[in-house]
Amino acid sequence: MTTTQQICDLQEIKAYGKFGDIEVWPGRPYPLGATWSPKGCNFAVYSEDATRMDLCLFREEAADVEVYRIRMMEQTDLVWHVFIPDLPTGWRYGYRAHGEWNPRTGRLYNPNKLLIDPYVKAVDGEIKWHEAMFPYPVKEQAEDRYFQMDESDSGPYLTKGVVIDTSYDWEGDTLLERPMHETVIYEAHVKGFTQLMPEIPEQERGTYAALGHPATIEYLKNLGVTAIELMPVHHFVQDERLVNMGLRNYWGYNSLCFLAPHADYAAAEKPEDQVREFKDMVKKLHKAGLEVILDVVYNHTAEGNHYGPMLSMKGLDNDHYYRLVDGDRQFYMDYTGTGNTIDMTNPRTLQMVMDSLRYWITEMHVDGFRFDLASALARGLYEVGKLSTFLDTIHQDPVISQVKLIAEPWDVGPGGYQVGAFPVLWSEWNGKYRDNVRAYWRGDDVGVGELASRLSGSSDLYELSGRRPAASINFITAHDGFTLRDLYSYNEKHNEANGEGNRDGESHNLSWNCGVEGPTDDPEINALRLRMQRNMLTTLFLSQGVPMLTMGDEYGRTQGGNNNAYCQDNEISWFNWEWTADQTALHSFTRNLIALRRDNPIFHRRRFFNGRTVNDSTLGDILWINANGDEMQGEEWSSTHTRSLGMLLNGEAMDEYDERGNRVKDDIFLVILNAYWEGVDFRLPGVKEFSIWEEIIDSHTSEIPVEGDYPADSKFTVGPRSIHVFRLKTRKANITPEGRRKVTIVDQVRRLWDMIQE
C-alpha cells in the first residue's frame, strides 16, 4: 500500500466504527502512551492547545509508508485519545498536531511534521536527517526563517514508536535495596564497556545483552562494585551536526523518549524485543547482587532551540513542554546549555517525568537514578529551591522516594551550583570533593582543612540538613573530563578529534602531567603517574560517603588527553581489555582497595564522626594528627602550606548498629597523606611497649597488603606524594600464654588518645 487511508476525512461524517479493515473507538485518556492488550491498543497523548490530533499508523515491514491517518476525536483533561481494537503488536505509530502557527507566542503546530510519542516504550530505527525534519524552511538564509512554516512531510524520515506487549516474567526479581552507605558505584557506558570484550560474542558486544553476559558480571563482581550506573539509556538522537561530521553522540545526553530504551544498544533485531532484552539484563545483574542505576536526562531534549528540529514535544505543545522566555516566547530558556529546558512547572510535563521514573522502577526494575543537571529540574519559576514542585512530588511518591536518588547539583543558569543544597532522600555528586582532592594532591596551596571535611563525609555540606555521609557521592573523575590516568598525563585538554578546534571541553581541570605532556618513556615519570593514580584511588575508597569509580580508571584507561569525548564512539572512549603489566597491577590494587573498604565498616559509616568521647570514656571516633604525632592545632588547619595529615580512625568507638541492632565495631586505622614533593618523617602515635602498626597500603607499590610492622612512638618516613595506611595490632609482649591481651585494645587506645591530646 502506497497511499494513506485518510480515515480522518471519513470521520467528519462518522466519528467511530468500521472504516474498511480497521475499526476506531473513543478510547481512554489514561494511561498516556500506546497501551496494548489482546483486545487492542489505546493511544493517549497530551496537548493543551492543539485544535486537532491525528494518529498515524505504519506497518512493520514498511515503516516509512503511512498506512492509516486517524483523527483522535476525543480530548479529555487535555489528553487526546483513541482505541483501535484488535491491533496487533509491531505496528509503528506517530502523531500529527493541528493548531496555531505563531512562533512569536511559542505555538508551533505544524501537521506536516510527524511527531513521536513522548510516552513511547520502544523505538524503530534512527532519524534520517532531512530538511523536512525542521518546522521552518531550514535552507532559508534569513535569520528569522524560523517564523515561516515548512510544509514538507517529515514522516518518511522520523523514527517511529512501536506498539509492544510489556508483559514479562521477572521470576520473582525485586529491587535489591542495598543500603546507600554500603554502595560502591561503577559509572559505565553500555556500548563502550563491552564493545571490545573478547569473551562476548561479536554480535552481542555493546548491547544490553552484553552487560548481562556472565563474563561482564564476573568482572564486576570480581572488582567488588555493588552498582553499575549506566550513562543515558533513554532513547536519544544522533545530532545532525555530528552525523554530517562523521561522528556520533556517544554519551547520549540528547534524549527524546523518556520511557524507551535506546534502540542502538539492543542486540535484538525486532524493536519490540528491546524492552525484553533490557529486562533480561537487569534480572541477571540482580541475581549477581548488582544494582542498576540510570543516568537520566530530563532537563532538556534533542529538539534544541528555535532553530532545532521538530521531533516530538515541540510540535505537540511547545509552549507547555518547554520553558520559554517571558515576554519573548519565540526563544527558549536555556539552563542546560543545549538550547532548551523542560518546563517542570507545568503539571503535565511534571507528570510525564514522574510516570517515566515509576515506569523504570516498576516495569524495568532499576534501583535508582542519577539526574543530569538536576538543578534545572528543581527550578521554580525563577530559581532553584528545595520547595520546588519536582522535589516535593518525588518526596511524596511512595515508589520513587524509595529508590536511590542522586543529583548532579548544578546547571548552567544563574544560581545553578547547588552542591549541598538538595534535601533529605537525595545524594549528590560532590563536586567540591573532586576539586579539593585534585587540588590537594596536585600540591596547590589549599591546606588540609577542607580535605579533612571531604575525607570524613563532608558534614559541612550535609549534616545540618539531616542527611548522612551517604549523601556525598565522592568521585575523582567522571565520564565528563579526563580519565584518572590522563589527569596525571596532561596539563591541557587535547580534543582535536572532536572537530571543534580544541575549543570544547573544560579548560580548568586541576590536572598535572608530572613533567611531560602525554606519553613518555621516562621510567621516573611513569612511576610517579602510577603513584598519583594509586593516591587518588586510595583517597576515594577510604573516604566516608559513596565512592563512584569511572569505567576503566581501575586499570588506567586513557583517552589520549580528550576531556570531552562525547562524540567519540570508538577506541578513544571504549574500554580496552588488553592490559600492560602496570595496568594489571593497578587493577589488582583497586580491587583490593574496594575489598578493604567492604570488609571494614569504619570506612563506610552510616553516621558522621562526632570526634567526641563515647560512653564517658576518653575515646573519640576520629582524631587528626600532624607529623609530630600530635593533635592538629588551629594554625595548622588554617595554613594553606600544610600538605601532610594523619587521620586516626577508631573502630572501637563506633556508635553504630547493624540491621539486627548489634553494635558495629572495627579495627583502628591510621591514614597518612603527604602531598609534599619531599618525604616527611611522621611519628606513629601510640604506646610503644604495647602498640604496633601494621602497614596495609603504601602507594609506592601496587601490592595490598604490604609487608611491614612499625612500633608506635617511632619515626616513619612518608615518601613524597604518597599515602600510607596502617592497622593497629597487638604486640606479642601484650599476649598472655592463654592468648588474652594483658592490656585491652580499648585501654591501648585510651592511652594512645591521652598521649596525643596531652
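What percentage of the 758 residues of the protein chain count as buried? The share is 61%, where buried means under 20% relative accessible area, exposed over 50% and partly exposed in between, with a 1.4 Å probe and protein chains only. The model is predicted, so that local features need pLDDT of at least 70 and side-chain atom pairs count only at pLDDT 80 or more, whereas totals for chains, interfaces and linings use all residues. Residues are numbered from 1 along each chain as its sequence is written, and side-chain values use heavy atoms, with hydrogens and water left out.

**Overall build**

The protein chain holds 18 helices and 33 strands, which are DSSP runs numbered from the N terminus (helices H or I, at least four residues; strands E, at least two). Its radius of gyration is 29 Å, close to the 27 Å that the globule rule gives for 758 residues, so the chain is as compact as a globular protein of that length; the radius is taken over C-alpha atoms, and the rule is 2.2 Å times the number of residues to the power 0.38. Along the principal axes, the C-alpha atoms fill a box of roughly 100 × 55 × 55 Å. Of the contacts (heavy atoms within 4.5 Å) between residues at least 6 apart in sequence, 72% join residues at least 24 apart.

**Nonpolar cores**

A nonpolar core is a set of buried Ala, Val, Leu, Ile, Met, Phe, Trp, Tyr and Cys residues joined through side-chain atoms within 4.5 Å. The largest has 188 residues, and those with the most contacts inside it are F43, Y186, F371 and F390. Helix 8 (residues 347–362) gives the largest share of this core, eight residues. Apart from it lies another core of 19 residues, among them M180, A227, A471 and A478. Leaving aside neighbours within four places in sequence, F371 is in contact with residues including L357, F390 and W426.

W512 lies in the loop between helix 14 (484–487) and helix 15 (523–541) and is buried, at a relative accessible area of 19%. Residues that W512 touches, not counting those up to four places away in sequence, include R442, M532 and R721. R721 is itself buried, at 16% relative accessibility, while L78 is partly exposed at 33%.

| Feature | Angle | Loop |
|---|---|---|
| Y30–P31, cis | omega about 0° | P31: strand 2 (22–24) to strand 3 (33–37) |
| I704–P705, cis | omega near -5° | P705: strand 30 (691–698) to strand 31 (709–711) |
| R721, positive phi | phi about 45° | strand 32 (715–718) to strand 33 (722–730) |
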